[in-house]
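Here is a friendly walk through one protein model, from a single side chain out to the ligand. Keep the structure open beside you as you read.

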Amino acid sequence: MDISQYKDVYVFVEQRDGAVQSVGLELLGKARQLADTLNEKVVAILLGKNIADKAQGLIAAGADRVLVVDDDRLKTYLTEPYAEAVSQIIREQSPSIFLLGATVIGRDLAPRVSARIGTGLTADCTQLEIGDKGELLMTRPAFGGNLMATILCKNHRPQMSTVRPGVMQKATADGSRKGEVVNYNIAFDDEKISRVRLVEEVKECKCVADISEAKLIVSGGRGAGTKDGFDKLRALAAEIGAEVGASRAMVDAGVIDHCAQVGQTGKTVRPELYLACGISGAIQHLAGMEESEYIVAINKDKFAPIFSVADLGIVGDMHKIVPLLTERIKSLRK
Ligand SMILES: Cc1cc2nc3c(=O)[nH]c(=O)nc-3n(C[C@H](O)[C@H](O)[C@H](O)COP(=O)(O)OP(=O)(O)OC[C@H]3O[C@@H](n4cnc5c(N)ncnc54)[C@H](O)[C@@H]3O)c2cc1C
């Protein structure tokens, strides 16, 4: 493979029900930085039905070109048509770098595309940089999060990587940016993509909101104990308009659903305030929340590692402190 023929940074921008997902905009922000370093272009891939009106927003978020594939077969995500469309674009356009969100959809799509194109894929990257020779340095946690590994894809293109929602930062939208919107046609082979049909879509609604989009999060760990402990956290969250998150210990214990889990195997969050209650601060939990703007930790063990990332630490029993805090906030509102 002559890798010098490959150029530009491509981003798969995910939409659900026609709404562009934040992770796509975050990746465009990162792609812009990478492309500027390489002196190349940022190209967004947008698949769906009646989604062309979203293209301008992607240009404002950093894209130079948006390839829109508007097709009935792409209305709702299905592995085969999406993998076929994206693989065709990659084969025809020869990008040097291709980024996708590490969402349920991205995790399904990325390995299929990389296998079809015959390139490598680095999943769940937390850092992306351009190296001395113009190669993409893809850094991700390894060995259970105990060390960071930087991975290179030396001999194949594109250099593919997935990044979780909340890890990269969106660029400030600039409505004056100019770019090109291309209506891209895919030559689907219907026989190949019709093995799976969508019969019905049933939305799971255990979690009311997506915590990776929340501005305020009240999060509980094993120190919260049981459902009662989480009721105290929910009361505080309701008072300040926050979402409730949790450590994996509480998800494994069945106290709260997995969609509330923060950390390496849960969600990455970057709220303005992260209140960690009865969470020790294991490295796998920190990986999902340490980029929060302001971290408050309540823990009865003054040596708990969570205090090493906290802006404000409160040593004490969360079962006493959280209700007091809720009452105090209530009384200040009166
Ligand atoms: C591959 C892998 C992936 C993982 N992914 C994740 C992940 O995504 N997210 C995640 O969270 N974990 C993850 N883990 C698990 C992680 O290693 C920890 O086991 C987990 O985060 C611990 O949860 P915790 O802090 O709630 O519990 P603990 O570590 O048991 O800590 C409980 C804390 O509560 C404090 N406490 C107890 N009672 C009170 C009280 N009344 N008031 C105040 N404080 C109190 C204690 O002092 C202690 O610090 C992963 C592990 C592995 C190996």
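The side chains of Gln 15 and Tyr 82 are joined by a polar contact of 3.5 Å. A polar contact here is a pair of N or O atoms within 3.5 Å; within protein, one must be able to donate a hydrogen and the other to accept it, and residues adjacent in sequence count only if both atoms are side-chain atoms. The side chain of Gln 15 also reaches the backbone oxygen of Leu 47, at 3.0 Å. This is a predicted model, in which local features need pLDDT of at least 70 and side-chain atom pairs count only at pLDDT 80 or more, while totals for chains, interfaces and linings use all residues. Residues are numbered from 1 along each chain as its sequence is written, and side-chain values use heavy atoms, with hydrogens and water left out.

Gln 15 belongs to strand β2; helices (H or I, at least four residues) and strands (E, at least two) are DSSP runs, numbered from the N terminus. Is Gln 15 buried or exposed? It counts as buried, at 8% relative accessibility. Buried means under 20% relative accessible area, exposed over 50%, and partly exposed in between (1.4 Å probe, protein chains only). Leaving aside neighbours within four places in sequence, Gln 15 is in contact (heavy atoms within 4.5 Å) with residues including Val 20, Leu 46, Ile 51 and Leu 74.

Most residues other than glycine have a negative phi, and most peptide bonds are trans. Asp 17, in the loop between β2 (15-16) and β3 (19-20), has a positive phi of about 50° although it is not a glycine. Asn 50, in the loop between β4 and α2, has a positive phi too, near 55°. Asp 17 is exposed, at 62% relative accessibility, and Asn 50 is exposed with a relative accessible area of 60%.

As for peptide bonds, a cis one joins Arg 157 and Pro 158, with omega about 0°. Pro 158 sits in the loop between β10 (147-151) and β11 (159-163). Both Arg 157 and Pro 158 are among the residues that Ser 96 touches. Ser 96 itself is buried, with a relative accessible area of 6%, and lies in the loop between α3 (79-93) and β6 (97-101).

Now look inside. The largest nonpolar core has 31 residues, and Leu 28, Val 66, Leu 99 and Leu 128 have the most contacts inside it. Such a core is a set of buried Ala, Val, Leu, Ile, Met, Phe, Trp, Tyr and Cys residues joined through side-chain atoms within 4.5 Å. Helix α1 gives the most to this core, with six residues.

Finally, the ligand. Which side chains have a polar atom at 2.8 Å from it?

| Residue | Ligand atom | Distance |
|---|---|---|
| Gln 261 | oxygen | 2.8 Å |
| Asn 299 | oxygen | 2.8 Å |
| Asp 317 | nitrogen | 2.8 Å |

Taken alone the ligand exposes 990 Å², and the protein buries 76% of that; these areas come from the Shrake-Rupley method with a 1.4 Å probe, and for residues only the protein chains shown count as cover.
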